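Today I want to look at how the two chains meet.

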Amino acid sequence: MHRGKGMKFVGDSRIPAVRKPNVPKDYSEYPGKTEAFWPNFLLKEWMVGAVFLVGYLCLTVAHPSPLERVADPTDTGYIPLPDWYFLFLYQLLKYTYASGPYNVIGAFVIPGLAFGGLLLAPFIDRGPERRPIKRPFATGFMLLALAATIFLTWESVIHHDWEAAEAQGKIVEEADFDKNDEGYKIFADQKNGCINCHGENLTGGAAAPSLVGTGLKPEEIKKIAHEGKGAMPPNMFKGTDEELDKMAEFISNLK
Amino acid sequence: MLNKIYDWVDERLDITPLWRDIADHEVPEHVNPAHHFSAFVYCFGGLTFFVTVIQILSGMFLTMYYVPDIKNAWESVYYLQNEVAFGMIVRGMHHWGASLVIVMIFLHTLRVFFQGAYKKPRELNWVVGVLIFFVMLGLGFTGYLLPWDMKALFATKVGIQIAASTPFIGEQVKILLAGHPDIVGAQTLTRFFAIHVFFLPAALLGLMAAHFIMIRRQGISGPL
């Protein structure tokens with residue numbers, strides 16, 4: 001087919017002066033049976049697409065997309081994690097010679113070499129061979145990069161505390177209560193220190209769980225205040241038993 | 001009737017070559033899974049395109065509810081997720097599509113790499129394809145901030161810190177992304193929204209057009 005320089009058009013239009021007949025492209029260089037793209041092959045592609053779509057929708061219905069509580073820039077205890085496909089880059093920055101003073105190596109040199117190599121692959125691997133076995137260097141480097149990516153992602157996943165991550169991002173219900181309540185005043189008293197970890201709205205934080213809607217009886221709350229629970233040390237409450245009664249009553253009634 | 005309309009348009013615009021490039025061509029045997037089941041590896045590129053189309057459509061519907069400011073962003077996503085009919089499905093498809101498109105583009109890249117299909121004369125198409133991969137990662141990064149929940153904010157802070165450690169131009173890159181030297185806040189959210197919804201999709205569409213035109217120009221690579 002005639003292309004490019006020397007083509008003649010009608011007047012100043014782009015209509016070629018010589019109209020070419022519609023001859024399909026010659027695929028004789030490929031062996032075997034060819035198939036018309038339209039509509040035969042496209043129909044098969046649509047069937048593959050439909051099967052894929054069913055799987056995709058099942059995934060969507062089975063796992064609703066996550067939404068954590070609204071961003072709070074003051075919560076400095078939050079441990080962030082990027083989306084899973086950035087985990088290998090994130091993990092790389094945790095190694096000694098890829099972080100701190102060597103940050104440039106972990107953040108730019110190594111990813112730059114890897115992605116730069118990927119981008120320029122056709123200009124690095126220039127031989128005429130196409131079979132992977134006959135291009136040992138190209139195949140070897142790709143397998144190495146693949147193994148490194150999978151390894152780094154895996155390391156990142158197993159070293160992340162997924163339960164803590166889920167807890168720290170949970171949407172907590174705000175409780176409706178009166179801040180002039182005597183129980184709240186005892187809770188907020190700096191002497192007892194409850195408010196430092198459980199927050200001024202009793203909704204908890206990075207260091208402590210929410211106290212809203214615990215479903216605990218006052219006796220159980222008093223026990224925790226005396227004996228501690230999980231990361232909470234014993235005898236945190238410094239007030240009198242009478243004050244503890246009031247506060248336990250107050251927390252127990254939060255919904 | 002349809003033929004007459006076609007002929008009328010074709011006479012003026014000469015659309016037959018265009019139609020031939022898009023649809024009227026033969027598919028060789030070695031890429032057809034009906035003949036060789038192992039040829040399913042050739043589906044990954046098409047499925048990447050399929051998920052991309054779903055991402056564009058679901059994204060267009062999400063912007064009908066989403067409000068890109070720090071007071072309302074989270075509220076609007078929460079409303080969309082819990083109140084709007086099928087909002088959960090549309091957001092879910094966009095969320096999972098973001099992962100699926102990375103998986104598919106990754107498999108497609110591996111197929112092309114291990115088959116050596118990027119060799120002469122297809123070097124430029126490979127370069128454009130890798131650029132599409134980078135744009136996809138950029139879309140994933142900017143989209144992560146938009147719901148304005150805890151992980152969005154803090155993951156973006158980390159990302160911007162990494163960008164700020166770029167040698168020589170780190171500070172400028174940081175301000176370009178965050179809109180402020182110190183704060184990741186209102187400016188950052190609108191910038192990421194603009195990048196996610198306008199800049200990167202525009203680049204993506206241009207690159208995809210180049211990718212497909214080159215495929216039609218060069219045809220698919222032969223069997224190994």
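Predicted model: local features only at pLDDT ≥ 70, side-chain atom pairs only at ≥ 80, totals over all residues.

**Entry: area.** I looked up the area buried between chain B and chain A and got about 7400 Å², with carbon and sulfur atoms giving 69% of that. Then I asked which three residues supply more than any other three of the area that chain B buries against chain A. They are B:Glu26, B:Phe114 and B:Met150, and together they supply 10%.

**Entry: contacts.** I find 75 residues of chain A in contact with 85 residues of chain B.

**Entry: polar side of things.** I get 32 residue pairs in polar contact between chain B and chain A, both residues being at pLDDT 80 or more. On the side of chain B that touches chain A, helix H5 (residues 87-114) of chain B brings the largest share, 19 residues. Sorted by class, that side of chain B holds 14 charged, 19 polar and 52 nonpolar residues.

**Entry: salt bridges.** How many does the rule find across the interface of chain B and chain A? I get one. B:Lys119 forms a salt bridge with A:Asp125, and their closest N and O atoms are 3.1 Å apart.

**Entry: strands.** I also checked pairing between the chains. Strand S1 (residues 26-27) of chain B pairs with strand S1 (residues 35-36) of chain A, antiparallel, over two bridges. Opposite A:Ala36 I see B:Glu26 in S1(B). B:Glu26 is also one of the three residues I listed under area.

How values were computed:
Residues numbered from 1 in each chain as written. Chains lettered and ligands numbered in written order. Heavy atoms only, no water. Contact = heavy atoms within 4.5 Å. Buried area = accessible area lost by both parts, 1.4 Å probe. Salt bridge = Lys/Arg side-chain N within 4 Å of Asp/Glu carboxyl O. Polar contact = N/O pair within 3.5 Å; in protein donor to acceptor, adjacent residues only side chain to side chain. Helix = DSSP H or I, 4+ residues; strand = E, 2+ residues; numbered from the N terminus. Nonpolar A, V, L, I, M, F, W, Y, C, P; charged D, E, K, R; others polar. Pairing = 2+ DSSP bridges.
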